[in-house]
Every structure is written in structure tokens, then in C-alpha cells.
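Please consult the sequence and the structure below while reading.

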Amino acid sequence: MRQFHAGCVIGDAPQDLKYDGSPTVVRIGDKNLFREHCTVQRATKPGEETVIGSNNFITHHSHVAHNCVIGNYVLLGGGAILAGHVTVQDRAFISGNCLVHQFTRVGTLALMQGGAAISQDLPPFTIAMGVNTICGLNVIGLRRAGFTPEERLQLKAAYHALFRGGKNRRAAVAEAQTKFLTGPARTLIDFVATTKRGVCSDVSRAEEKLMDE
């Protein structure tokens, strides 16, 4: 079952200057709720898709642009904007008035605080604040999702190794890959290792950079 509330616009033409009017697709899973005046636009080219998984809550005045891929159990808060080709993994929580730049990834169980903006990948299980910064793990989300104390401790250790260990990203990833071989910690490490846009920085490192300038 899908619910569409007043004024939502689902599957209209993409807002992309490259779009030539060809018939394109948006694919929507089950049990999605689309609230007032949200917009979801179809893909730019034939053979491509905008994808909305299942059990998602797309709230009022939020926007999902062309070629986005949204997983399952995602919440998109009021006024949140996803630009084209954004990927949002399962159980992510994007709060109101957040901005996500095109081609950016939002990892599973990541949370964006209200008004946050990212143009770099947001690692899974982390919390985004301000602009391209993270401030730790989404501990409440992890508990609600049933992560064990051991898994949470491993994630905490991996987070510190990647973002607070004082090493550049490549060195930090290489070292972490030898220590964390399985589980959610490895999911976090693999996400960071495969970034193409770079990943958001821990707020403590961001503050250090400002002090150095």
C-alpha cells in the first residue's frame, strides 16, 4: 500500500537541463507514505530510474530529484532536498531542511541534524551537523535497530580510528581494514574506502583546520 497526500507530485519530469522529454521512470516499492507537497522526479534518460524502496516516510515539502536511489525505512524530513543521483541507504534519517548535494551517498542508519548540508559522503551510523561535518555515532539509532553492545563498541573503535586518530584517510582506512574484518565496523570502513567525493570530517578535526588557517 502507498499513501499519497494532497499536493504531492510523484513522477513528474526531472529538473535537469539535459532532459530531452523522453519517457523515463520512477520505481516505488511498498508501504511508502508521501506527505503534502513533496516531490519525487523520474530519471533523466531512458533506461535509468529514480528508485524509492519500501517503508519510507517522505514528509511535507521535501524533494527527491532525478536518479536518486532511496533504500528502505528512510525518513526524509520537511523541506529536505536531495539533488540528482543521491543514494540514501536503509534506515537513514534526514531531518528537516537538510541539503544533500548531487552524487552524494548517505550511509545506512546515518542521521542528519536539522539544517545540515553535505556535499561529501555521510558514513553509515554517523550523525551529520552543520556543513560536511559529523559529530559521532548515531547511538540511539543503533540501539533501536538492535545492535549489540559488542557491535557498538566495535563501531566506536572504528570511528575513532578513521576520524579521530590523526592520520590521513587513506592511512587510517588501511590500518582499520587490518583490525576490523567483519560486522558493522567493517561496513563503516568499506563505505569510507569506496568514497569518490570524500567523506564528511569529524567536527573536532574540522575545528583544528579552522584554527590552523
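Which backbone nitrogen does a side-chain oxygen of Asn-168 reach at the start of H3? The nitrogen is that of Arg-170, and the side-chain oxygen of Asn-168 comes to within 3.2 Å of it.

## Basis of the model

This is a predicted model, in which local features need pLDDT of at least 70 and side-chain atom pairs count only at pLDDT 80 or more, while totals for chains, interfaces and linings use all residues. Residues are numbered from 1 along each chain as its sequence is written, and side-chain values use heavy atoms, with hydrogens and water left out.

## Helix H3

Helix H3 spans residues 169–179, and its residues Ala-172, Val-173 and Ala-176 are buried (under 20% relative accessible area, with a 1.4 Å probe and protein chains only). These three lie on the same side of H3, because they cover an arc of only 95° around the axis, taken from the directions from the helix axis to the C-beta atoms. An α-helix has 3.6 residues a turn, so residues three or four places apart point the same way.

The cover over the buried residues of H3 includes helix H2 (149–163) and helix H4 (183–193); contact here means heavy atoms within 4.5 Å. Arg-170 and Thr-178, on the face turned away from the buried side, are exposed (over 50%).

Strand S18 (residues 126–129) pairs with strand S16 (residues 111–112) in the parallel sense over 2 bridges; pairing requires at least two DSSP bridges between the strands. Within this pair, Leu-111 stands opposite Ile-127.

S18 also runs antiparallel to strand S19 (residues 133–137), to which 3 bridges join it. Met-129 has Thr-133 of S19 as its bridge partner. The two strands form a hairpin with 3 residues between them, and Gly-130 in the turn has a positive phi of about 60°.

Key: Helices (H or I, at least four residues) and strands (E, at least two) are DSSP runs, numbered from the N terminus. A polar contact is a pair of N or O atoms within 3.5 Å; within protein, one must be able to donate a hydrogen and the other to accept it, and residues adjacent in sequence count only if both atoms are side-chain atoms.
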